[in-house]
Amino acid sequence: MGLGAEIRHKIAKRAAMEIRDGMLVNLGIGIPSLVPDHLPAGHFIMFHAENGIVGMGKSPDEGEEDAHLCNAGGYPVTIREGASYCDSTTAFGMIRKGLVDVTILGALQVSENGDLANWIVPGKRVPGMGGAMDLAAKAKKVIVLMNHQDKHGISKLVKSCTLPLTAKRCVHMVITEMGVFSVMPGGLLLTDQFSPYTIEEIKVSTEAEFEISESLTIYGE
Amino acid sequence: MLIQNTFQKICHLTDLKHLFEDGMSIMFGGFGGIGTPPGLVNLILELAIKDLTLIGNDTGFPHIGIGKLVTEKRAKRIIASHIGSNPNAGRYMTTGELEVEFSPQGTLVERMRAGGMGLGGILTDIGLDEEIVKRDKQTISLGEKTFLVETALTADVSIVYAKKADPFGNLVYDKSARNTNPLAAMAGAVTIAEVKEILPLGALSPEEIVTPGVFVDYIVESKGVDWQWVWEQK
């Protein structure tokens, strides 16, 4: 079940609230790539790309693309003032040293204790982990943006991941079309509820156990 | 502009044929084909060599970058972090025609760097809990921490792309087309740089040179890419 543009942007907009000026942020492909659309103009967030850019800017205008200035997905980008280029080892040194403040990525499954599975469907697709293991294990904050359920209607927020893991206990926050879950020491906590979904509907759609925050925020009436 | 070939490194693609043979290992620079030397990939295709071990970040796209060699089944083994953008790689892996060793991207590039720097390997905790990475690799405890031992990577020949070179082989790269090129440039027993522009000795600022020419054995001028990028395909 794919999500419409409006819902994808709603998820991206909520994720944008988690980043602020001065942060080094790495965005995955898909919904995470929409996050910059929801940041204030004139921000001072430095976007990091695995292929060696610190300080990615917006997409270039048509006709202004430079084949040698692309993001990790292979699509043209621009750079902002203060940007720099580096080789791949330096780009990953920043990740392993914990200098990436936030990484926002997609997932196939996230478990109650924050285990992440996002790179392999055994017997179907074996694309390779790319930089996902490094980022998931070492970014200061790992935010997952994903559909609440897969295309068969099966919850992607699970008690325990059945797919091979990208990294253990690495996810801090999960944002889906239904709401926002924080991974706490004791398990998942629903902090934000997105209308039109009711708590009952979220419960029925979620395999993982979760608590409901006493200061639950309800969005988009 | 007359360029003196002082170090006898500047040559034509046709002068390089003797460097390639069946069964050899080739390390390549590039990320999704960006920064992969197009002329050298085509030379390898034309030479019809096979059973290659290819080492680099990814397998490009089916008709972009190193992906061309993968698509034409020239590789028997690949060490990479990602093959998802080239469905042929996944298909040949499934049929058993291609052996793929996955290495997390940060680990892979550091292994390439270690190979170029004359080291035996690196210690990292990335993949310590993940079976596809850990496999039967040795672990080492240092103080409170445990690390995987990841071996250095070298190759018979490295092929890289740069924006500018001088006759000594000093290289300056081009924005995000730098990516794995400086690492591949150091890790080859023989390194060939395909460059957009060759400038006279002394024309590059010593402060801007990324790869010192001592790592580079051959320099060829590039004719540019002969493929369409994914974002150009309508």
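Reader: Which residue in S7(A) does Val110(A) stand opposite?

Author: This is a predicted model, in which local features need pLDDT of at least 70, side-chain atom pairs count only at pLDDT 80 or more, and totals for chains, interfaces and linings use all residues. Residues are numbered from 1 along each chain as its sequence is written, and chains are lettered from A and ligands numbered from 1 in the order in which they are written. Strand S6 of chain A (residues 109-111) is joined to S7(A) by two bridges and the two run antiparallel, where strands are DSSP runs of E with at least two residues, helices are runs of H or I with at least four, both numbered from the N terminus, and pairing requires at least two DSSP bridges. In S7(A), the residue opposite Val110(A) is Leu116(A).

Reader: Which strands of chain A stand at the edges?

Author: The open sheet has three strands with mixed pairing, in the order S7-S6-S9 of chain A. Each edge strand has a single partner, so one side of it is left without a neighbour in the sheet, and these strands are S7 (116-117) and S9 (157-158).

Reader: Which helix gives the most to the side of chain A that touches chain B?

Author: In the model, 33 residues of chain A are in contact with 35 residues of chain B, contact meaning C-beta atoms, placed from the backbone, within 7 Å. Helices H2 (88-96) and H3 (132-138) of chain A each supply at least two residues of that side. The most, five residues, comes from H2(A).

Note on methods. Contact = placed C-beta atoms within 7 Å.
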